[in-house]
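Reader: I would like to learn how to read a sheet and the helices beside it. Could you take me through one case?

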Amino acid sequence: MRGRLTLIATAYMAVLCAAAGGYLQYALYQTAADHQRDALERRAMRVVELIQHGEAPKRLASDYEIDIQVVDDTGRVLLSNSDIAGKPRISTLVPPERAVSTTAEQCDLPLYPGQCNWVVAYRFAGPTGGDWLIYTTEKAVPWYVTPRVPLALTAIFFAPVALTAIGAWRVVTKTLKPVDRIRARLATITATDVGMRVPVPRHDDEIRALAITANHTLERLESAAERQRRFASDASHDLRSPITAMRTRVEEALLYPEEADWPRTGRELLDSLDRLQAIVTDLLMLAKLDAGAPGEREPLDLSEVARAEAARRRGKRVITTLQPGVLVTGDRLRLSRLITNLVDNAERHAESTIIIAVRKDGEAILEVLDDGAGIAPEDREVVFERFARLDASRNRDVGGTGLGLPIAREIAHEHGGRLTIEESDRGARFVLRLPLRGD
């Protein structure tokens, strides 16, 4: 990038200098050409003045590189400077009617083969009558005026180009130095060491903003890595518990096979397998949600979904208040899973009653309440963490995997909603808010 930016800046300056040099070269050429034409016209007018006063010599003196001819009304050359004495007429150029003079650039004239000349034709009244012509001519100024002009312009404009290249290289190098430091630091950060941070430049510019953003990203990565480590540790612990229980039961039965109660052992193994299967199923569900696996989207009546879940046989009394026509767009299976997880959680902690309510108030609202011990305000976010452990009665209860509430919140977020715990007179009150289908 350093070389590319320097090259771009140098190219821009070179184009600018080339344009300025071309314009200046053109201006110098036009100035020289105008000066040359003016000199030719003045010389012609001087000769006319001499002739009209009868002071014209028989042969005109050479005036630098200007050649002069006087032609009478018959086309005969009457007078010329010594350099072209006895030569034929310079040109056939004639001023237009009602015009005294005309100027033109003519090439390959008989007297000047292989070159271009400026020719001025001046008409005046001859002493013997009729219209006479005076021709003055000189080799036309070339486009470069003189060889020194392009060389001088090249030398003048080469300096800004060189200075631009040097300056751009130094500025870009200095500007990208913090980027190099950031890159070097990022290269040293690994998945097992995301606690490092990139250096933040002092100047308030885009690179400082980049460094701050990179540090914020690293903070999020560190937090995610910590959650992942904690999740992996908790998952391994929860998976190990039923596996250990099953192994213990099997080893105990094998030690005393004649005395073992094999039907009871089988039932205990099935209980542990059920718990193990529930944990694995929840882990797979979380993996799908984390990966952003899309679910089906269809119009749903949230009250109907809640009614279907409330109809399942429960160990506690379920009371429903379901407003019809609460339409949302979502995945029926995942929303059913969300409601099931909330109701299962409420059933494990309720004393006797679970309340399920659905209504709409600018958005679709589902509430699941229980009459249990409730959740302390400081723990209302903790329970949504995966494998969260509380000291209260809601901690890792029998039948729970510790993943039901995190799965419910992930499903709510996937549907553009939010799941929170709000105040209630008794027990815990889980509130789900989803956008209505019309929104």
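This is a predicted model: local features need pLDDT of at least 70, side-chain atom pairs count only at pLDDT 80 or more; totals for chains, interfaces and linings use all residues.

Reader: What is the strand order of the open sheet of 5 strands?

Author: The order runs β7-β9-β10-β12-β11, and the pairing is mixed. β7 (317-322) and β11 (418-422) are the edge strands. Each has a single partner strand, so one side of each lacks a neighbour in the sheet. On average, neighbouring strands are turned by 15° against each other, direction ignored.

Reader: Which strands does helix α6 touch?

Author: Helix α6 (residues 332-349) packs on the sheet and touches β9, β10, β11 and β12 (429-434). The direction of α6 makes about 25° with that of β10.

Reader: How do I describe two packed helices?

Author: Use the angle between their axes and the distance between the axes. Here, the axes of α5 (residues 302-310) and α6 come within 10 Å and cross at roughly 55°.

Reader: Why is α5 called oblique to α6?

Author: The crossing angle is roughly 55°. Roughly parallel needs under 35 degrees, and roughly perpendicular starts at 65, so α5 counts as oblique to α6. The crossing of the two helices, α5 and α6, is right-handed.

Reader: Which residues meet in the contact of α5 with α6?

Author: From α5 come L302, V305, A306 and E309. They meet R332, L335, S336, I339 and T340 in α6. By class, the contact has 5 nonpolar, 2 polar and 2 charged residues.

How values were computed
Residues are numbered from 1 along each chain as its sequence is written. Side-chain values use heavy atoms; hydrogens and water are left out. Two strands pair if DSSP finds at least two bridges between them. Helices (H or I, at least four residues) and strands (E, at least two) are DSSP runs, numbered from the N terminus. Axes are lines fitted to C-alpha atoms, for helices over the stretch in contact, and angles run from 0 to 180 degrees between N-to-C directions. Contact means heavy atoms within 4.5 Å. Angles under 35 degrees count as roughly parallel, over 145 as roughly antiparallel, 65 to 115 as roughly perpendicular and the rest as oblique. A crossing is left-handed if the near helix is turned anticlockwise from the far one by less than a right angle, and right-handed if clockwise. Ala, Val, Leu, Ile, Met, Phe, Trp, Tyr, Cys and Pro count as nonpolar, Asp, Glu, Lys and Arg as charged, and the others, Gly among them, as polar.
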